Amino acid sequence: MKIVREQREENSSLLRVTVDENDYAPEVEKALRDYRRKANIPGFRPGMVPMGVVRKMYGKGVVAEQSYRTASNAAFEYLQKEKIDYLGDVIPSDEQGDFDFDNGKEFEFVFEVGEAPEIKLDLSEKDKVTYHRIKVDKKMHDNYRSNFLRRFGRLVDVGKVTEDEALSVTLDNGDMNVSDAYVGLISMSEEERKPFIGKKVGAKMEVDINDLYKNPSQRAAVLQVKQDELEGINPKFSLEITKIRKFAEPELNEEFFKMAFPGGNVTSEAGLDKFVDEEIGKELSRESDYLFTLQLRDYLIKKAGLKMPEAFLKRWLYTINEGKFSMEEIGKDFDQFLKMFTWNYLQKHFVDAEKITVSHDEAVAEAKALAAAQFAQYGMPSAPDDMLAGYAEKILADKEQSRKIYEKLFEVKVVEGIKGKIKVTEKAVSADDFASLAKEI
């Protein structure tokens, strides 16, 4: 076996691997014996097919497969022995010649290698990145507080529609009459609510149920029929408002605080306002952390100045996607791909250099936090721990979700480690200014 390495464009090289019959013959014989054992050919008992017949039927394909596999394994062994760090994967080169697997004994396989650039990053307090913290304003506070109190509020009758009330109505089109139908304005846009604003109990109006509810399942619910029964129903209805109700915030008394905060951590309105600001702060911190990570990523990519083998990476992307995307399509999104690819490469460098690890317990805690956030979206802000543990187990059992969780935890640890080496200046900004910064990135 012979291996010759040829340097090509920057950080890209070819490996010419020449294998002869002595290199791949043992594997060919082993594969043919396996074919013979499994072959089901008329006229022969299983496992008793003459080797000559097996060789004639499968020999060419087996030689092609095993000679390539031998060469491919040798290429990887060579890279490991020579301590050549590579990107992506080793791919067949466009310079690969033709093969005569019928008559040939010696074959040259040509592989392309994208070589990983060396990382030289000396970080110190001379490296400065700003952490933008979003200021909690009155609008944020009031909205969060209102939404929180809504969970513990109750529906009360009111005399007039003003904003997002819940309506009980009677619908009649002559063919069908639906009493006590529910129309929730909270799920409608401001434009869709306009015809109802100012209306009182007893008010009548003409509506087209198809315009009122674009979603068939919603139309079926309001008309109190099954979805497959909608066809043929005249959508023009006379609507009469029979009841108008809205959520009233609970009284901030002892009973409320015991119900909303069973742990006793909040017992007064001042404590509630402090709790609201703290919860908003937690949510905004996640946004600030995310933006900081993006800014740090861009700063480090620029500082490292790595010369990636871009032409190779485009060919690699084309190869691993098996032609699903054209080279032109790959080129359109390549800049964004290269940024993320480089950031992942830098992260791997820091993980190895700092010996960063993520434990199973940390992954479980992150999965439980993810499950808790999902439960909160469905109105269960305090799901039992055993329930969260069960869902966390399911999340981690999914390979894709598990991979994302571990990647996130590694990134968090890398960012925290880098923050300890550089100078981070905190700056408070408004939500609008923060949104503008995020949009730029």
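The dialogue below takes up a strand, a residue and a pair of helices in turn.

Modeller: This is a predicted model, in which local features need pLDDT of at least 70, side-chain atom pairs count only at pLDDT 80 or more, and totals for chains, interfaces and linings use all residues. Residues are numbered from 1 along each chain as its sequence is written, and side-chain values use heavy atoms, with hydrogens and water left out.

Colleague: Which way do the residues of strand 2 point, and are they buried or exposed?

Modeller: In a regular strand the side chains alternate between the two faces of the sheet. Here Ser-12, Leu-14, Arg-16 and Thr-18 point one way from strand 2, while Ser-13, Leu-15, Val-17 and Val-19 point the other way, and all are buried. Buried means under 20% relative accessible area, exposed over 50%, and partly exposed in between (1.4 Å probe, protein chains only). Strands (E, at least two residues) and helices (H or I, at least four) are DSSP runs, numbered from the N terminus. Because eight of the eight residues of strand 2 (residues 12–19) are buried, strand 2 is largely enclosed by the rest of the structure.

Colleague: How many bridges join strand 1 to strand 2?

Modeller: Two strands pair if DSSP finds at least two bridges between them. Strand 1 (residues 2–7) runs antiparallel to strand 2 and is joined to it by six bridges, with Glu-6 having Leu-14 as its bridge partner. The two strands form a hairpin with four residues between them, and Asn-11 in the turn has a positive phi of about 60 degrees. Strand 2 also pairs with strand 4 (residues 107–115), in the antiparallel sense over eight bridges; there Arg-16 stands opposite Val-110.

Colleague: What is the relative accessible area of Leu-155?

Modeller: Leu-155, in strand 6 (residues 154–157), is partly exposed at 38%. Leaving aside neighbours within four places in sequence, Leu-155 is in contact (heavy atoms within 4.5 Å) with Arg-245, Lys-246 and Phe-247.

Colleague: At what angle do helix 12 and helix 13 cross?

Modeller: Two packed helices are described by the angle between their axes and the distance between the axes. The axes of helix 12 (residues 360–377) and helix 13 (residues 385–397) come within 8 Å and cross at roughly 110 degrees. Axes are lines fitted to C-alpha atoms, for helices over the stretch in contact, with angles running from 0 to 180 degrees between N-to-C directions. Helix 12 is therefore roughly perpendicular to helix 13 (65 to 115 degrees).

Methods:
Parallel < 35°, antiparallel > 145°, perpendicular 65-115°, else oblique.
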